[in-house]
Amino acid sequence: MSSRNGRKPGIIWLNTLVFSITFAVAIIAVPGYGLTVGFSWPLVLVALVATAYCGMSITAGYHRLWSHRSYQSHPVIEFIFAIGGAFAVQNSILHWCSDHRVHHKYVDDNERDPYSAKRGFWFSHIGWMLREYHVNQYDNYSNALDLQKNPIVMWQHRHYLSLVSLTNFGIPLLVGFALGDIWGSLLLVGVLRLVVSHHVTFFINSLAHLWGRQPYSDQNTAKDNALVALLTYGEGYHNYHHAFQFDYRNAIKWWQFDPTKWMIKGLSLVGLAKNLKTCPDERIRQRIAQTQLNQTRLKLLQCKLPNREEMLHRLHQEYDQLILQMQAFYQVKKDWLALKADHLAENVEKSSMHQQYKELKQRFSEQQKYWQSLMLQYA
Ligand SMILES: [Zn+2]
Ligand SMILES: [Zn+2]
């Protein structure tokens, strides 16, 4: 990286011009046209649908399907995402996913993570695409050999620029023609849709690494943030994602906003997606407890309380107890579920196992409550 010898890498003019011209049009020409001519409601609706199509092709397709292989989908769906990705102008699937795999492997490493958040908001949001920071790595797709065997991925890679032009001019022109407002459509479905979907997905690399909570891991900068999730089709639960990148969900609670997960689940219910991977509950709970232990331990080490050693000792003791209760509970739960499904098992055996299951569940729940109160006490 040339910042070592004090000189910045050269500017990538094509990217710089595309980002700045579309941004200028979006903030000047779009409101200008809206105030003088006005946009019709059907056009606004189509622009919203087109924006969501671009965004979800990136989150459900580029990200969760191809980069992380967290599920498998029907070729028709892959084709739809491949077109949506070109429409979103975020480089080819092969290129995007290769970069993203490097991001996960070397997260926060300023030399190797292509959009390391440790280099600041601007760099991780857009700056990394404006200069030749990784020119030597540009065509290295050795971490995406699986994708190189995928005919849809490779077809999109070969025809990427034609697909970008066809979708970005063709779709707005068609919509404009159908709704009788070609200029309005070029501005709204063409430019504003592109700028919004660009910056919304760029937030996943910038904001989702800078702002929020870290319940699942404190080993990198990835954060969970409900507001960022609202803007990014659920990708704002990025701390969970970096901890369990193979999971097709980013939000694991039913009330958290993750439309990408809902869509993938919906596709699986109609037979268009399968093998949705999830992380077992036990591993998630272990990671939460481990992260709480790390964070509380760090806090205690930083303060100068007279009884600090005693508090640290108690913290570790309760953590060990929690993990033991957790392992015992999940083991008996597994045994109980297996026995319940076994039609040949005796009723007496079933009821004794059920009793054991209920007892361990109760003990685990009490220990968990105790652990949470200790966390509050030490906070
Ligand atoms: Zn990822
Ligand atoms: Zn990330």
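## Packing of α2 and α4

In this predicted model, α2 and α4 pack at an angle of about 65°. Their axes lie 10 Å apart. The crossing of α2 past α4 is right-handed.

From α2, the contact uses Tyr62, His63, Trp66 and Ser67. From α4 come Ile93, Trp96, Cys97, His100 and Arg101. By class, the residues of this contact are 5 nonpolar, 3 polar and 1 charged.

## The largest nonpolar core

The largest nonpolar core holds 38 residues. Ala47, Trp66, Ile93, Cys97 and Leu147 touch the most other members. Trp66 of α2 also belongs to the contact between α2 and α4, as do Ile93 and Cys97 of α4.

Five elements are listed as giving two or more residues to this core: α2 (41-67), α3 (75-87), α4 (93-105), α8 (160-179) and α9 (182-205). The largest share, 11 residues, comes from α2.

What does Leu147 contact, leaving aside its neighbours within four places in sequence? Its partners are Trp66, Ile93, Leu94, Cys97 and Val153.

## A second core

A separate core has 15 residues. Val200, Phe203, Ala229 and Ala251 are among them. In soluble globular proteins, nonpolar side chains tend to be buried together.

## The chain as a whole

The chain has 379 residues, of which 34% count as buried. Its secondary structure comprises 15 helices and 2 strands. Along the principal axes, the C-alpha atoms fill a box of roughly 70 × 60 × 45 Å.

Take the contacts between residues at least 6 apart in sequence: 67% join residues at least 24 apart.

How values were computed. Residues numbered from 1 in each chain as written. Chains lettered and ligands numbered in written order. Predicted model: local features only at pLDDT ≥ 70, side-chain atom pairs only at ≥ 80, totals over all residues. Core = buried A, V, L, I, M, F, W, Y, C linked by C-beta atoms within 7 Å. Buried ≥ 20, exposed ≤ 12 C-beta atoms within 10 Å, placed from the backbone. Helix = DSSP H or I, 4+ residues; strand = E, 2+ residues; numbered from the N terminus. Contact = placed C-beta atoms within 7 Å. Axes fitted to C-alpha atoms, helices over the stretch in contact; angles between N-to-C directions. Left-handed = near helix turned anticlockwise from the far one by under 90°. Nonpolar A, V, L, I, M, F, W, Y, C, P; charged D, E, K, R; others polar.
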